[in-house]
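Hi,

Here's the structure I promised to pass along. Have a look, and my notes on its aromatic rings follow below.

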Amino acid sequence: MILATTGGYEVDDDQSRLDIDVIADFLSTAYWSAHRPRETIERAIARSMGVGLYGADGAQVGFARVVTDATTFAYLADVFVVPEHRGHGLARVLVRAVLQHPELAGVERWMLATADAHGVYEPLGFAAIDDPDRFMIRGATREAIS
């Protein structure tokens, strides 16, 4: 379903439209995911809600993935806009569309991790954790995710 449109771009949650090559190519270079083999990327997409950002020609130019129970918790991951399409507020359009997705409207808690995109997420209501001592992590070092 088309979730948003802006300036010839559209945000769509149709899983069959996702271009796994575009997603895997970008994620193979991103600081948070360069270590992931393509098979891991494909499996993560298959078991999550993927949302694509598409240009006027229909080519995929961005992506966001949500791991969720669609009720109490959602983790926003792998958000990107390819470099050629940055600078137009598209990441914020993409994330806003995900947050407003009808299937996710009642989610109590959203989380994400970012080293450099606070300016995208803060205007959409994300903030630093008030009490980080309550949260724990297993399986990834701080260095691996920063």
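Is Phe 63 buried or exposed? Phe 63 is buried, with a relative accessible area of 0%; buried means under 20%, exposed over 50% and partly exposed in between, using a 1.4 Å probe and protein chains only.

Some housekeeping: this is a predicted model, where local features need pLDDT of at least 70, side-chain atom pairs count only at pLDDT 80 or more, and totals for chains, interfaces and linings use all residues. Residues are numbered from 1 along each chain as its sequence is written, and side-chain values use heavy atoms, with hydrogens and water left out.

On to the rings. Searching the whole structure turns up five aromatic pairs (Phe, Tyr and Trp rings, the six-membered one for Trp, with centres within 6.5 Å; planes under 30 degrees apart are stacked, over 60 edge-to-face, the rest tilted). Phe 26 and Phe 80 are stacked, as their ring centres are 4.1 Å apart and their planes at 10 degrees. Phe 26 belongs to helix 1 (residues 20–27) and Phe 80 to strand 5 (residues 73–81), so this pair ties together parts 54 residues apart in sequence. (Helices, H or I with at least four residues, and strands, E with at least two, are DSSP runs numbered from the N terminus.) Both Phe 26 and Phe 80 are buried.

Phe 80 also pairs with Phe 63: centres 6.1 Å apart and planes at 45 degrees, so that one is tilted. Phe 63 sits in strand 4 (residues 60–68). One aromatic cluster is formed by Phe 26, Tyr 31, Trp 32, Phe 63 and Phe 80.

Cheers
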